[in-house]
Amino acid sequence: EICPSFTALSYVWGPFATPKETLDIGASQIAITRNCRDALQYIRKLHGAVTIWVDAIYIDQDNEKEKEHQIPLMGNIYTMAKFVYTWLGNETLETARAMDSIAAAAKISPILLDREYLTGYPLTCDDLEKLFSRPWFVRSWTFQESILASDAIL
């Protein structure tokens with residue numbers, strides 16, 4: 001069976017897991033978290049229309065039986081996705097500076113990012129702390145999603 005090309009979203013639900021937003025899909029509305037909405041809006045703005053798998057949309061969060069069946073399949077979903085969009089949250093001045101500096105340093109040495117390669121970039125320890133203290137970095141399942149991805153896009 002041939003699988004259609006799709007992308008997936010790796011994100012955390014945010015500090016308030018109870019959905020606060022609604023997403024219009026045709027004549028239906030689906031409850032999603034603010035963080036999910038922000039991620040989808042950003043991806044749409046940057047890449048236009050994409051076919052994207054999102055857990056809160058494709059798994060009925062109110063149906064325990066469906067969740068029991070679908071959650072074990074998520075590893076396959078992230079493995080089979082053409083791209084996995086990794087949403088760390090809305091950027092701040094500090095996280096933007098950290099991401100820009102890491103990206104610039106990675107062009108010099110994509111394997112080794114240490115003080116030698118980060119010297120000369122407008123980066124502070126506080127910038128890195130703000131970036132790496134985001135919930136996405138401390139959740140084990142989001143780390144697994146990025147490891148399973150054939151191509152992760154931050």
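This is a predicted model: local features need pLDDT of at least 70, side-chain atom pairs count only at pLDDT 80 or more; totals for chains, interfaces and linings use all residues.

Visitor: OK, so is Thr 86 buried or exposed?
Guide: Thr 86 has 6% relative accessibility, so it counts as buried. You'll find Thr 86 in strand 5, residues 83-86.

Visitor: Which residues does Thr 86 touch?
Guide: Leaving out residues up to four places away in sequence, Thr 86 touches Ser 10, Trp 136, Ala 152, Ile 153 and Leu 154.

Visitor: Switching to helix 9, which residues are buried there?
Guide: In helix 9, residues 140-148, those are Thr 142, Glu 145 and Ser 146. Looking down the axis, the buried residues of helix 9 fall within an arc of 95°, so they line one face of the helix.

Visitor: And what's exposed on the other side of helix 9?
Guide: Ser 140, Phe 143 and Ile 147 are exposed there.

Visitor: What covers the buried residues of helix 9?
Guide: The cover includes strand 1 (7-10), helix 4 (74-80) and helix 8.

Visitor: Which residues make the nonpolar surface patch?
Guide: Phe 132, Phe 137 and Val 138 make that patch, about 270 Å² of it. Phe 137 belongs to helix 8, residues 135-138, and is partly exposed at 30% relative accessible area.

Visitor: Last one: how do strand 2 and strand 3 pair?
Guide: Strand 2 (21-25) and strand 3 (28-32) are antiparallel, with 5 bridges. Ile 25 has Ser 28 as its bridge partner. The hairpin leaves 2 residues between the strands, and Gly 26 takes a positive phi near 60°.

Key. Residues are numbered from 1 along each chain as its sequence is written. Side-chain values use heavy atoms; hydrogens and water are left out. Patches are made of residues with over 30% relative accessible area and no salt bridge: like charges are joined within 9 Å, nonpolar side chains (Val, Leu, Ile, Met, Phe, Trp, Tyr) within 5 Å. Accessible areas come from the Shrake-Rupley method with a 1.4 Å probe; for residues, only the protein chains shown count as cover. A salt bridge is a side-chain nitrogen of Lys or Arg within 4 Å of a carboxyl oxygen of Asp or Glu. Helices (H or I, at least four residues) and strands (E, at least two) are DSSP runs, numbered from the N terminus. Buried means under 20% relative accessible area, exposed over 50%, partly exposed in between (1.4 Å probe, protein chains only). Two strands pair if DSSP finds at least two bridges between them. Contact means heavy atoms within 4.5 Å. The arc is that of the directions from the helix axis to the C-beta atoms.
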